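Notebook open, structure loaded. I'm jotting down what I look up as I go.

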Amino acid sequence: MDVQFAVAKIGKYATSESGDTLEMIERPHGGLSFVLVDGQRSGKSAKAISNLVARKAIQLLSEGVRDGAAARAAHDYLYTYRGGKVSATLNMLSVDMETKTFVISRNNESPVVVFTQQDGLYLLDEPSRCVGIYRNTKPVITELPILPGTIIVVFTDGLRHAGSLSGNGNYDPVAATRQMIGTGITEARTLADMLLAEANEKDNGRPRDDISVLVVSVHAAPQKDGVRRMDVSLPI
């Protein structure tokens with residue numbers, strides 16, 4: 001199998017820094033983990049918060065700490081550091097080679113979109129609290145087998161709120177993902193780029209919030225060359 005990852009991010013219009021932070025780490029027992037954090041407010045203050053949470057989670061994951069424990073520790077760290085007065089949403093998506101599963105951790109009101117050949121498209125939308133505010137906050141953890149045809153879409157709330165202030169109506173990333181998959185679009189890069197582009201269009205090219213989209217898709221691979229590849233584009 002070939003597991004593809006793609007990220008598309010854009011900052012709030014006329015803001016110097018994005019309040020969203022995405023980090024990736026190789027797991028010590030095999031696999032990868034992605035951490036996506038959206039800090040409260042926007043700009044530099046939000047970036048400081050999201051960096052704080054992401055760094056703590058990445059540090060623990062790199063040391064072999066399990067995803068749920070890493071998410072709880074990141075919450076505790078922010079809660080203690082800022083006295084329970086600052087929040088952030090936290091999503092973690094891991095490919096765990098020990099269990100051969102995806103591990104999805106949510107501290108975010110926004111759902112995670114999942115598509116599988118067996119169950120079709122559905123949402124991981126169990127009620128979930130952001131980190132940093134409530135003392136006993138825990139993540140909502142979901143584990144899925146790594147199977148061909150699986151697609152997972154994780155996003156910050158800027159995606160689903162796109163268009164809300166422009167008069168174009170809120171963007172619906174769930175309906176958009178369903179339509180794209182229905183027309184045969186399953187490549188992670190294409191899905192991430194199209195979702196971001198459509199949301200940006202809803203805001204007339206001037207995003208009212210930071211937007212980040214992380215997409216994972218699994219494809220059957222008839223031949224294995226053992227090579228891992230990563231492509232990054234950073235506009236300056």
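Started with a side chain: Thr101 makes a polar contact with the side chain of Thr99 at 2.5 Å (N or O atoms within 3.5 Å, one able to donate a hydrogen and the other to accept it; sequence neighbours count only if both atoms are side-chain atoms). Caveat for myself: this is a predicted model, with pLDDT of at least 70 needed for local features and 80 or more for side-chain atom pairs, while totals for chains, interfaces and linings use all residues. Numbering runs from 1 along each chain as its sequence is written, and side-chain values use heavy atoms, without hydrogens or water.

Is Thr101 buried or exposed? Buried, at 11% relative accessible area (buried is under 20%, exposed over 50%, with a 1.4 Å probe and protein chains only). I found Thr101 in strand S5, residues 101–107 (strands are DSSP E runs of at least two residues, helices H or I runs of at least four). Leaving out residues up to four places away in sequence, Thr101 touches Ser94, Val95, Asp96, Glu143, Leu144, Pro145 and Ile146 (heavy atoms within 4.5 Å).

Next, the sheet. Five strands make an open, antiparallel sheet, ordered S1-S10-S9-S6-S7 (pairing takes at least two DSSP bridges). S1 (2–10) and S7 (120–124) are its edges, and the twist averages 15° from strand to strand. I also checked S9 (151–155) against S10 (211–219): five bridges join them, with Val154 partnered to Leu214.

Last, a helix over that sheet: H5 (188–202) lies across S1, S9 and S10, at about 20° to S1 (angles run from 0 to 180 degrees between N-to-C directions, axes being fitted to C-alpha atoms).
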